[in-house]
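Please read the points alongside the sequence and the model.

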Amino acid sequence: MQTYVLTGATSFIGSQLVRHLLGKGHRVIAVCRNHPRAVSKLGSHPALQIVEAQLADYGQLYTLIPRADVFIHLAWAGTGHDGRNAEDIQHANIRHALDALQSAAKMGCQLFADAGSQAEYGTQLGIISEQTPCHPFSAYGKAKLEAYRQCCSQAQTLGLKYLHLRIFSLFGVGDHPWTLVMTCVGRMLRHEAIDLSPCTQLWNFLNVSDAAEQVSRLCAYALSHPDFRQEVFNIASDDVRPLREFVEEMKVLCRSRSPLRYGVIQPANLVSLNPDLTKLRRTIGYVGDSTFRDVVCDIIQHQASNSHAI
């Protein structure tokens, strides 16, 4: 059994990862900005401890958590549309990540892992491997990349193993309501018209539960291999298709009459998600267990149950 510290533990992926790690018999210390919300979302478990701390307090976390084995840093401000180009918020996130890393070292952690993003790659039209040069265009992507560079250097200085997780497009029950999948399913169930981009670019959706399993297996791998030092991994699925195909499949599954108005929205930057998972598959032998159809059906059922309960 290992002791894991997670910041951002009530986030979409954070709450899934908490449940995965507890299910594998680990002890989890969930660092959250709001204790009552954390209790409500994460529930109770004999091996779960909740610690309340703000992002600015991460440099002192070691005073609240004296010892741990793995520190997974998921907390990040300004992840919504309004905050992604707020440079002050994004620059502060870099400081918080470095503070978290310093605390991890003082806790005696062997491994520090943090959540990167496909936004670090910027506009890419080809296959994206971990060696693809990064050219982020948003303040969010630039800050994620800079946090990686600085944490990579500091982790080496501090003697910690370091794992940088470049997460692509997660989805599943409990996702934010403004995401493409949740917006489409909601409107399709109501047979409402949906304004869309041309949806011609390649896309990739990963079930958040499969993402949590990938992360937990990567952490286990890093801990068990003495020669592991620092690595970057793409966190994604192996289902890559034109985005329009995913949208059309959702419409069929929803049995919807919604008009799909392609091309009404014209994005400033065309992002195509075509991740190379060779490294991930070679390292842990796992990508995922669920299909896009399975997860969308779960979302439909969940939304239908909630609408009946109101």
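1. Two strands are said to pair when DSSP finds at least two bridges between them. In this predicted model, strand 1 (residues 3-7) and strand 2 meet that criterion with five bridges, in the parallel sense. Within this pairing, Tyr4 has Val28 of strand 2 as its bridge partner.

2. Together with helix 2 (residues 35-42), strands 2 and 3 form a right-handed β-α-β unit.

3. Strand 2 (residues 27-32) is largely enclosed by the rest of the structure, because five of its six residues are buried.

4. Ten salt bridges are found in the whole structure. One of them joins Asp69 and Arg67, with an N to O distance of 3.1 Å. Asp69 is buried at 9% relative accessibility, whereas Arg67 is partly exposed at 46%.

5. A salt bridge also links Asp238 to Arg281, with the closest N and O atoms 3.3 Å apart. This pair connects distant parts of the chain, 43 residues apart: Asp238 lies in the loop between strand 11 and strand 12, and Arg281 lies in helix 9 (residues 278-284). Asp238 is exposed at 54% relative accessibility, while Arg281 is partly exposed at 40%.

6. Finally, a network of salt bridges links Lys24, Glu213 and Arg217.

How values were computed:
Residues are numbered from 1 along each chain as its sequence is written. This is a predicted model: local features need pLDDT of at least 70, side-chain atom pairs count only at pLDDT 80 or more; totals for chains, interfaces and linings use all residues. Side-chain values use heavy atoms; hydrogens and water are left out. Buried means under 20% relative accessible area, exposed over 50%, partly exposed in between (1.4 Å probe, protein chains only). Helices (H or I, at least four residues) and strands (E, at least two) are DSSP runs, numbered from the N terminus. A crossover is right-handed if, with the strands pointing away from the viewer, the path from the first strand over the helix to the second runs clockwise. A salt bridge is a side-chain nitrogen of Lys or Arg within 4 Å of a carboxyl oxygen of Asp or Glu.
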